[in-house]
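Here is a short briefing on one protein structure. Please look it over before reading the notes.

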Protein chains: 2
Amino acid sequence: MLFPCLDKLEDRSQKFLNESSGPEPAYGKVGKHNTLLYKSDEPIFLDYGGFLPSFEIVYETWGKLNEDKSNLILIHTGLSASSHAKSNSLNKNPGWWEGFIGPNKYLDTNKYFLVCTNVIGGCYGSTGPSSIDPSDGKRYATRFPMLSVQDMIRAQNRLIKEQFGVSKIYASIGCSMGGMQSLAYASEFPNEVGKIISVSGCARSHPYSIAMRHCQRQVLMSDPNWNRGFYYDNKIPPHTGMKLAREIGTITYRSGPEWEYRFGVERADPSRQPALCPDFLIETYLDHQGEKFCLEYDPNSMLYISKTMDLFDLGLTNVSKLRKGRFQAEEKFNGKDIDPKELQFRPVESACSIDPDTAPVSNVRRTRKLTPLESKVDLLEGMKHFSNKDILVIGVESDILFPAWQQREIVDLLRQGCKQQGLGDGSNIKHVELSEEVSMYGHDTFLLSLEHIGEPVKHFLEG
Amino acid sequence: MLFPCLDKLEDRSQKFLNESSGPEPAYGKVGKHNTLLYKSDEPIFLDYGGFLPSFEIVYETWGKLNEDKSNLILIHTGLSASSHAKSNSLNKNPGWWEGFIGPNKYLDTNKYFLVCTNVIGGCYGSTGPSSIDPSDGKRYATRFPMLSVQDMIRAQNRLIKEQFGVSKIYASIGCSMGGMQSLAYASEFPNEVGKIISVSGCARSHPYSIAMRHCQRQVLMSDPNWNRGFYYDNKIPPHTGMKLAREIGTITYRSGPEWEYRFGVERADPSRQPALCPDFLIETYLDHQGEKFCLEYDPNSMLYISKTMDLFDLGLTNVSKLRKGRFQAEEKFNGKDIDPKELQFRPVESACSIDPDTAPVSNVRRTRKLTPLESKVDLLEGMKHFSNKDILVIGVESDILFPAWQQREIVDLLRQGCKQQGLGDGSNIKHVELSEEVSMYGHDTFLLSLEHIGEPVKHFLEG
């Protein structure tokens, strides 16, 4: 049997070996010449302990900041998207939300000053695992600290205040991980944001989404070329692991009724014998998505941000713990009575060896400490301090990664929070759910079905 | 950062290298001493062309065949299950359906003679990729021909007739891939089966399930130790690829509301720093499932049978094509005017390079040849010749691999087939769907929620 899919992987590795320095992964080419740069020389203290002594954020803007600085809208990206949401004078290439942003568009550049940042932890110029650690002049790689979504938000908030002198943004909007960030902005800075829009996001990850990201990470980390994160100076990057991870990721981003309509169970070439390499249309599609992406994004950034998404949980227990970790790190740093190095992030051996399978399925209390109900109450307690805000939550019925029940959960808990605190009937919390008939694109609906996301967004922002 | 999950993989590889012959994978230990063996010395012609010159089926039985040979029930297995559905005199270990089978149980051994076979293509003794190719005395490996579900069924049918002299079985029952096989038995031999039970199966695979199996195959094939299928004589089997593939598989078998109840988003040890190795309970669970399985099943069998499941499609176009391929192979073989070797399966390069992404999503006709409606009609045409049979179809709402709409599709089409042919109102087609409240175990419900599957099965068989 022939294996053209394996030949292709081996050819790429060989190409890296043959060329003097190897083809440079695309993310290395993201220059700072066509973006804007903010640098903070103050340390940022992190939720899981430790700090970054300084950090940079690369960002882009559209529209103009008005005189009273009241029209800034912060756009949060998904895991692998860059700040290039829209073409602009510095970079004419179309952005990932090209049709969504512009004069009289859903995000109207005649009215608003739009800012989109590259998250810290990523690989598009903002400080991340591929950045140089100032302490030794080498890339951080997997010495980089683990981040929370809130850490990303606090870095952005510093940019907003210091770079633009804006004390309250008009709105915060994001999809997918950006939908987590948008809620986190409200949670961290409830008085510094007007309207909040969370599209295809959640208040807390759920086991299926963690499981799918876990597999992506494990597949990437098992690529020998990943080299425990220290591949930057090697000839061959972990392109195979990245390709496989992206194929798994694509399943979560796009599967939905669309695939039934688009691919069905047809094979790319039914006249050929069935083969173990990609053969069905759906397989050639996944293969192509993996190929396209395997050198587009830094593998370590993928691992870190994927984990950050798993860890996202606005429940009171978690948020309190994160704050405590961060304050302790800051206090120790300010007290100067200890070596700051002691506060650096020190990951320890994880509990790989635990075998939850020995706990009978029927006895769920043995693996979870909180019951599902207690856990829900915890989430309500963690969110109610911003339940009086104007919030728009959009979900998509065909989304399997951030399923529609997760957006309903946000809405239900925020409305309960309003009522419990005597802050009204919860009508400040708007909810739109796109049915399968309206969008069959699953999680990526926000990239593909602009009008169905855009109309309620425009109405909410301008209402 | 420490990576205990990678250490564990490297340790296992090292162990294989250090031991003189390496720990034998468990599937190699499946002896023929505690099972029964049927051997056919006649060739079996295959749907995708070519033939096996002879084949063996390893099987087990429970209960007794009655005098008029009318009480045989054939049990079909899922992908990785063996014939050991239940303990018996040859093998006292509990089977995978231990509580389902026995005197007065759901499959009542006082009444029925139960036969469970290991499918051809598998690794539990029946002819498969790890078997010796009689033409050269070496293991087939990836020289093994691609099989259809119908090929598996025809091999079983020969066992039923030749070993037991049974011309019509009382019933055919199977879950998951067994649910496909059970329908295929009716499709291939409508007059040789009384009652048909298909649990958590389908009449045709769908893109999400193909996508998830595709990723399992790609991950396994990308393990350098897989060596394009020729690993049997190597020291290190592709245990890493198998582990990763099983973790992805486990997501499809088990995810459902159960995981919310059992694991939630709790970490195995919240006092530790988050890590990139398994950390959340759900991750340690997946890791453990992968560990348990990575040496339990032959990697090549996993690849072949997984692909066979993808290819399953009872639509008229597909079934006609398969029959034509098989008859042509048989005619040529019988004509003896050509070298039989020419009829051997010859896989050709698959169409890896097709880029369906260039076809706009809105224009689905560009990638599919049949519209979804035409495709549905084709499935009806392919199934209506057995729509007059007594058939029980069971589905589970929380199943994401064989979602409940797939069982509803079987039922709807078979009932339509009855009506269109004037064969009654379709009430011979029984349908049971277990709601999320009844079972939150997803696809594996048939292994975990025996009473909810068993009661309708018992009633149907004895009614």
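Predicted model: local features only at pLDDT ≥ 70, side-chain atom pairs only at ≥ 80, totals over all residues.

Residues are numbered from 1 along each chain as its sequence is written, chains are lettered from A and ligands numbered from 1 in the order in which they are written, and side-chain values use heavy atoms, without hydrogens and water.

**Domains**

- Chain A splits into domain 1 (36–204 + 313–317 + 364–462) and domain 2 (209–308). The bounds come from an automatic or database domain assignment.
- The C-alpha centres of domain 1 and domain 2 of chain A are 25 Å apart. Their contact (heavy atoms within 4.5 Å) takes 33 residues from domain 1 and 29 residues from domain 2.
- Together the two domains of chain A bury about 2600 Å², with 69% of it on carbon and sulfur atoms. Buried area is the accessible area (1.4 Å probe) that two parts lose on being put together, summed over both.
- A:Leu79, A:Leu401 and A:Met440 supply 24% of the area that domain 1 buries against domain 2, more than any other three residues.

**Helix pair H4 and H5**

- Helices are DSSP runs (H or I, at least four residues) and strands are runs of E (at least two), numbered from the N terminus.
- In chain A, the axes of H4 (residues 207–221) and H5 (residues 239–254) come within 8 Å and cross at roughly 170°. Axes are lines fitted to C-alpha atoms, for helices over the stretch in contact, and angles run from 0 to 180 degrees between N-to-C directions.
- H4(A) and H5(A) are therefore roughly antiparallel (angles over 145 degrees).
- Contact residues include A:Met212 and A:Leu220 of H4(A), and A:Leu244 and A:Ile248 of H5(A).
- By class, this contact has 10 nonpolar (Ala, Val, Leu, Ile, Met, Phe, Trp, Tyr, Cys and Pro), four polar (the others, Gly among them) and no charged (Asp, Glu, Lys and Arg) residues.

**Two single residues**

- A:Asn300 lies in helix H8 (residues 299–311) of chain A. At 0% relative accessibility, A:Asn300 is buried (under 20% relative accessible area, 1.4 Å probe, protein chains only).
- Beyond four places in sequence, A:Asn300 contacts residues including A:Pro129, A:Trp226 and A:Tyr232.
- A:Glu436 sits in the loop between strand S14 (429–434) and helix H12 (445–448) of chain A. A:Glu436 is partly exposed at 36% relative accessible area (between 20% and 50%).
- Not counting residues up to four places away in sequence, A:Glu436 touches A:Pro257, A:Glu397 and A:Ser398.

Conventions:
Parallel < 35°, antiparallel > 145°, perpendicular 65-115°, else oblique.
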